[in-house]
Amino acid sequence: MSTDPPTLYGVGLGPGDPELVTRRAEEVIRSVPVVMVPFVGASSRAARVVRELDPEAVIVGYPAPMTRDEREREKAYREAARIAEELLEEHGRVAVCNLGDITLYSTFWHLVDRLRLDVRVSLVPGVPAGLLCAARVERPLVMGDERLLVCTREPPERLLDGVGAVILYKPTERGIRLLLERGFRVYLCRSLGFPEEEVRRVREPERPGYLCTVIALREGEG
Ligand SMILES: C[S@@+](CC[C@H](N)C(=O)[O-])C[C@H]1O[C@@H](n2cnc3c(N)ncnc32)[C@H](O)[C@@H]1O
């Protein structure tokens, strides 16, 4: 009998378009007995992508709350880890699929950090949403020695000096205002890769909805 620890795959699905899923990610999804995906409220974009890749996939959801309440988040992450442990003990191989790349702001890590089981973690990178934003805008993010800032919500003001471009995940209205005030060209990208995708230039601060990423480029380029 094998004594190898069970394998937990962390799979980056890309932003949503199944054509932007890597071959490696698809291979893992098709080969594991069960796939875990985060559920935000009652729905899961990741589940939509997995289902398109493999209609037969056994998909189990885990809670991924949008709240900033620490207690509620901790409860959800522990529950996610508990579900993963149960599935790993039963099946030996489980894939957790998150949108974009798995090393960028992914709920996968909250789950991994709370596992009490000895597991082997194997990562499959994916196309980050911010890079699909840049492709949609059809401009380079940075060239030569320019610097790229990747952050969430609001860019720290002191870091904006000398930055060529910003990728802002989970953007806030304040974050958009700051970028406009600092002279960036700002684009709001919503639900990239899904049928409801929207990409547009933003000239006034606004409250972005769900699944939005902002990219900001130095004014004057392109
Ligand atoms: C938990 S983070 C995950 C980031 C992801 N791991 C990545 O590499 O792009 C969730 C944020 O990613 C961004 N995001 C993920 N998928 C997206 C999509 N299809 N369209 C636009 N933004 C997306 C949004 O900013 C969203 O609030």
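Which domains does the domain assignment of the protein give? The assignment gives domain 1 (7-124) and domain 2 (129-218), with bounds that come from an automatic or database domain assignment. Please keep in mind that this is a predicted model, where local features need pLDDT of at least 70, side-chain atom pairs count only at pLDDT 80 or more, and totals for chains, interfaces and linings use all residues. Residues are numbered from 1 along each chain as its sequence is written.

**View 1. The whole protein, with its six helices and ten strands.** Helices (H or I, at least four residues) and strands (E, at least two) are DSSP runs, numbered from the N terminus. The C-alpha trace spans about 65 × 35 × 35 Å along its principal axes. A compact globule of 222 residues would have a radius of gyration near 17 Å, and the 19 Å of the protein agrees with this; the radius is taken over C-alpha atoms, and the globule rule is 2.2 Å times the number of residues to the power 0.38. Of the 222 residues, 35% count as buried. Here a residue is buried if 20 or more other C-beta atoms lie within 10 Å of its own, exposed if 12 or fewer, and partly exposed in between, with C-beta atoms placed from the backbone.

**View 2. Where domain 1 meets domain 2.** The centres of the two domains, taken over C-alpha atoms, are separated by 26 Å. Nine residues from domain 1 and nine residues from domain 2 make up the contact, two residues being in contact if their C-beta atoms, placed from the backbone, lie within 7 Å. On the side of domain 1 that touches domain 2 there are four nonpolar, three polar and two charged residues. For these classes, Ala, Val, Leu, Ile, Met, Phe, Trp, Tyr, Cys and Pro count as nonpolar, Asp, Glu, Lys and Arg as charged, and the others, Gly among them, as polar.

**View 3. The shell of 21 residues around the ligand.** P15, G100, P128, A129 and L192 come nearest to the ligand; a residue is near a molecule if its C-beta atom, placed from the backbone, lies within 6 Å of it. The elements that give two or more residues to this shell are α5 (129-137) and β10 (212-218). By class, the shell holds eleven nonpolar, eight polar and two charged residues. Each of domain 1 and domain 2 supplies at least three of its residues.

**View 4. The largest nonpolar core, with 55 residues.** Such a core is a set of buried Ala, Val, Leu, Ile, Met, Phe, Trp, Tyr and Cys residues joined through C-beta atoms within 7 Å. V11, A95, V96, C97, I215 and A216 touch the most other members. Helix α3 (residues 70-91) gives the most to this core, with six residues. At least three core residues come from each of domain 1 and domain 2. Take a look at V96: leaving aside neighbours within four places in sequence, V96 is in contact with L8, Y9, G10, V11, M36, A84, F108 and L111.

**View 5. H110 in helix α4 (residues 108-113).** H110 counts as partly exposed because it has 18 C-beta neighbours inside 10 Å. Not counting residues up to four places away in sequence, H110 touches Y77 and A80. The C-alpha atoms of H110 and A80 are 8.4 Å apart, although 30 residues separate the two along the chain.

**View 6. Y105 and E138, two residues with a positive phi.** Most residues other than glycine have a negative phi. Y105, with a phi of about 50°, sits in the loop between β4 (93-98) and α4. E138, with a phi of about 60°, lies in the loop between α5 and β6 (147-152). Y105 is partly exposed, with 17 other C-beta atoms within 10 Å, whereas E138 is exposed, with 7.
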